[in-house]
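Work through the exercises below with the sequence and the model at hand, and try each task before reading its solution.

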Amino acid sequence: MGFKNIIEKFAVNYAHNSMQKSLYDGLNINILDNKFNKIPKPDTEYMLYAHVPFCHTFCPYCSFHKYHYEQELAVHYFANLREEMRQVKEAGFNFTSMYVGGGTTLINEPELEKTLVLAKELFDIKDISCESDPNHIDPENLKRFQGLIDRLSVGVQSFSDDILKKVARYDRFGSSKQLQEKLRKAMGVLPTISLDLIFNLPNQTKEQLLHDVKIAKSIAPEQITFYPLMKSPLTRDAIARSLGVDDSDNEREFYELICANFSDYHQSNAWAFGRDNANLRDEYVGSHHEYLGIGSGAFSFLNGELLINAFNLLDYGRMVKNHESPVIAKCSFTKKDRLKYIFLTELFDGGVDIAKYNEFNRANIHKELFVELNLLKLVNAIYEENGMIKPTFFGKYICLVLMRDFYAGMDKVRAIFKDDAKIKRSKKLRIMEENTEPNFDNSVISPKAAV
């Protein structure tokens, strides 16, 4: 192993350990006894995040907050979501951008349509992004969202029939050939379609990865995203059961292969690639440091604090109907942690504008992050040019590692907040010390039982 490889391996391990320490020190969440109202700051731009916690199929690598879909329950839920939206408007918030995540956001098209129409009526929203699975991209269904949804992210995960069968998507969403047919029909209905795929799955071969790249590019969506497999305590065993255990880790090698095969695309961030130099925002945390979440289990990041809405559907609905804030917990971060988080998300998104960063954070980045910047420069992960701090190719991989670990930490938060009994008997939770191995089968299979 050459000296350069040794240095880079050290840097990757150091980045991973630093993120783990930051999560360990920072994710200390207070369960609230009193009502907590979200209040906007003057002259601050916010993004609205809405969570739709329903799915027909549960993939082993996904730990997002969700329940099996029941139509009657979903209709009530969307009504509550719209009511919370009105209450947010009454509190004085305004938004220029909206992201709808899940779950499967298009699982009930009429209810989602009513929700998006209301959002545009209430707020100055210019663009809306949504997620979907391949079963909800029929062109006729998508046409109803013309003028509403600007960017639709479709979770494909793989075009390998072998992998699709192992993760229980083959029977639900179809073979690779059927997926390709669905996707090609959907192209052009909405302004932007993004295909989401996963790499570094256990036992995934280089040939399977290159096949995914080839097929995705042949479909020619506006954006293609390759996420690294994100293992968390909540998904580890399910991944092992469905895909097996693989001692090898091909993340770095596969990432280099992906980037090499997308050299003719514009790299929007560390893991997203836009066609025709499209600069598409794949992760909203990079371009929206302040966002407000509505819905069961939604996160908000406001004024340097992580706010968590009630996960329990009955509690969430009761609070909204009583005109109470559904926030049940919050986590405050130190100024240094906030500065590091914002630096990471902006670097992941392509670069940090030094002047804008200093103005937004009322800080001096070279002084506040002196050690971090110099370490990154030492291992050739960043460079400065025309007032910007930009990642090198190796720096993009460092960002991928850090963001993957950050999302795994958020998965652990979700895992704990699915345990209703734990939340109701706790006052403070040190997230990284908590056990996240409980059995949530009842709450996943029967949402009515869960509430």
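**Exercise 1: Positive phi**

Asn203 counts as partly exposed, because its relative accessibility is 39% and the partly exposed class lies between buried (under 20% relative accessible area) and exposed (over 50%), with a 1.4 Å probe and protein chains only. This is a predicted model, in which local features need pLDDT of at least 70, side-chain atom pairs count only at pLDDT 80 or more, and totals for chains, interfaces and linings use all residues. Residues are numbered from 1 along each chain as its sequence is written, and side-chain values use heavy atoms, with hydrogens and water left out.

Task: Find where Asn203 and Gln157 lie, and state the phi of each.

Solution: Start with Asn203, which is found in the loop between strand E8 (192–199) and helix H8 (206–219); helices (H or I, at least four residues) and strands (E, at least two) are DSSP runs, numbered from the N terminus. The phi of Asn203 is near 70°, a positive value in a residue other than glycine. Gln157 counts as buried, because its relative accessibility is 15%. For background, most residues other than glycine have a negative phi.

**Exercise 2: Helix H12 and its ends**

Task: Which residues of helix H12 are buried, and what is found at its start and just after it?

Solution: Helix H12 covers residues 313–321, and its buried residues are Leu313, Asp315, Tyr316, Gly317, Met319 and Val320. At the start of H12, a side-chain oxygen of Asn312 comes to within 2.9 Å of the backbone nitrogen of Leu314. Just after H12, His323 has a positive phi of about 60°.

**Exercise 3: Aromatic pairs**

Task: How many aromatic pairs are there, and how are the rings of Tyr255 and Tyr397 arranged?

Solution: First apply the rule that rings of Phe, Tyr and Trp (its six-membered ring) pair if their centres lie within 6.5 Å, where planes under 30 degrees apart count as stacked, over 60 as edge-to-face and the rest as tilted. By this rule the count is 21 aromatic pairs. The rings of Tyr255 and Tyr397 have centres 5.7 Å apart and planes at 40°, so this pair is tilted. Tyr255 belongs to helix H10 (residues 251–261) and Tyr397 to helix H17 (residues 393–417), so the pair ties together parts that are 142 residues apart in sequence. Tyr255 and Tyr397 are both buried.

Then turn to Phe301 and Phe333, which form a tilted pair with 6.1 Å centre to centre and 35° between the planes. This pair links distant parts of the chain, with Phe301 in strand E13 (residues 299–302) and Phe333 in the loop between strand E15 (327–332) and helix H13 (335–348), 32 residues apart. Phe301 is buried, with a relative accessible area of 8%. Finally, Phe301 and Phe333 belong to one aromatic cluster, whose members also include Tyr227, Trp271 and Tyr291.

**Exercise 4: Ser194 in strand E8**

Solution: Ser194 is found in strand E8 and is buried, with a relative accessible area of 0%. Ser194 and Phe273 are 79 residues apart in sequence, while in space their C-alpha atoms are 9.3 Å apart.

Terms used. Polar contact = N/O pair within 3.5 Å; in protein donor to acceptor, adjacent residues only side chain to side chain.
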